Amino acid sequence: MDLNRFSTISIIGLGYIGLPTAAMFASRKIRVIGVDVNEDTVDTINRGEIHIVEPDLDMVVHAAVAQGYLRATVAPEPAEAFLIAVPTPFKGDNHEPDLRFIEAACRSIAPVLEPGNLVILESTSPVGATEAMAEWLAQARPDLTFPQKAGELSDIRIAHCPERVLPGKVMQELISNDRVIGGMTPRCSALAAQLYSVFVTGECVTASSPRVAEMAKLTENSFRDVNIAFANELSIICDKFGISVWELIQLANRHPRVNVLQPGAGVGGHCIACDPWFIVSSAPEEARLIRTAREVNDAKPYWVLDKIRSETCKILESSAGRSAADLSIACYGIAFKPDIDDLRDSPALEIVQSLTQSHPGSVLVVEPNIEVLPESLNGARLVSMLDAAEADLHVLLVDHKYFRALKPNTSAMIIDTRGIWTR
Ligand code: SAJ
């Protein structure tokens, strides 16, 4: 296969997925035009800098921009392939998928599309989104033909190739993970596979349709969500029975076909806590287990808050003359998972936010990955591990490496949602 077929590609959306993907293509000496609606993002990238934290991304972007292979802009330009990597949040009480960013991306690239172009949807999407994308493009460009009508003879090729990289390991996993390729026709798939083979060393596996590829991605994240929900439910049951969930999981996992995941303060991030809803909202009657897992994981921060409240009451009962306003609570970690600075949809952050509103005493936060607390934690103080040692109650929320290596020097009560200090 001719790997040099693509000399210029465009990535729409320069976020946690789009920017690493753009940098990866550019590192293979393909000209990449990165498009983002945010001018600050565009300026930052054009300076050879990055606006997100991801190991090794800074140096790859810096080199790609310095060598002239990566350039960012707010307005799409002609290219041979367009990869759409924009957010797909959900909206409303029923968690309906919100595809307006995909639609806006389609409207923005439509004027520059040319016959022979490939358009790939990378954003995690509900089943049917790729077909919707093809329709939006067809409406905007009636002069071009698209696979939904013209099949293999279409001017434009379309595929869904969901990203599946783990934040924190994006630069490795982009290369080594297998890639699911869901073209609207076999030729669409072949062209998309050819594009990714520029840097992917994993297998590019062809799905029979974009719908299967969409569902595969949702299944992966729902699988993890359901398994974490099982661990979270066990942690609550174990607390009731007065046994250690960590010991329990260690013992159960000695079985050759059992692999229970780790409980925690809840499930965060913008993927696992969001994507299963795309299945539930499209199949509400059928997706009972997936819905329940979401509810179990979403409820875990409230259980942790109840635990903090009941421990606070116990401390007050045993220390005459003190009121809640005299008690300080130290919280360890507010990121959505270990060893990152990403606070988006973080259950730990949600817990600390609620504490700052309900606890009349001081709330201390130890978070080695950030330098200032977000505004939503107004009232809390970012402190060092040493300064937190005096607190009356210690709540471990995220198992950062830093906390694994260092335990607070205290005889006070510890609530350890990750089992690293009290295991
Ligand atoms: N978590 C637990 N217990 C565990 C594992 C995770 O409580 O045993 C929590 C984490 O603390 C975090 C949340 O789950 O709050 C999600 O973290 P994660 O590391 O499981 O996943 P993400 O959201 O960073 O990335 C996931 C990955 N999906 C799968 O592993 C199936 C990644 O491969 C996807 O590309 C990514 O979602 C995405 O973009 O969809």
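**Close-up views: helix packing and domain contact**

**View 1. Helix α4 meets helix α5.** I102, E103, C106, R107 and I109 of α4 touch M133, W136, L137, Q139 and A140 of α5. Contact means heavy atoms within 4.5 Å. By class, this contact holds seven nonpolar, one polar and two charged residues. Nonpolar covers Ala, Val, Leu, Ile, Met, Phe, Trp, Tyr, Cys and Pro; charged covers Asp, Glu, Lys and Arg; the others, Gly among them, are polar. Helix α4 spans residues 100–109 and helix α5 residues 129–140. Their axes come within 9 Å and cross at roughly 35°. Axes are lines fitted to C-alpha atoms, for helices over the stretch in contact, with angles from 0 to 180 degrees between N-to-C directions. Helices are DSSP runs (H or I, at least four residues), numbered from the N terminus. The crossing of α4 and α5 is right-handed: the near helix is turned clockwise from the far one by less than a right angle.

The model is predicted: local features need pLDDT of at least 70, side-chain atom pairs count only at pLDDT 80 or more, and totals for chains, interfaces and linings use all residues. Residues are numbered from 1 along each chain as its sequence is written, and side-chain values use heavy atoms, leaving out hydrogens and water.

**View 2. Helix α12 packs on helix α13.** Helix α12 (residues 288–317) and helix α13 (residues 347–358) pack at about 40°, with axes 10 Å apart. The two are therefore oblique to each other. Oblique is what remains once angles under 35 degrees (roughly parallel), over 145 (roughly antiparallel) and 65 to 115 (roughly perpendicular) are set aside. The crossing of α12 past α13 is right-handed. From α12 come P301, Y302, V304, L305, I308 and R309; from α13 come P347, E350, I351, S354, L355 and S358. Eight of these contact residues are nonpolar, two polar and two charged.

**View 3. Domain 1 faces domain 2.** The domain assignment gives domain 1 (8–208) and domain 2 (227–416). Such bounds come from an automatic or database assignment. Fourteen residues of domain 1 and ten of domain 2 form the contact. The C-alpha centres of the two domains lie 35 Å apart.
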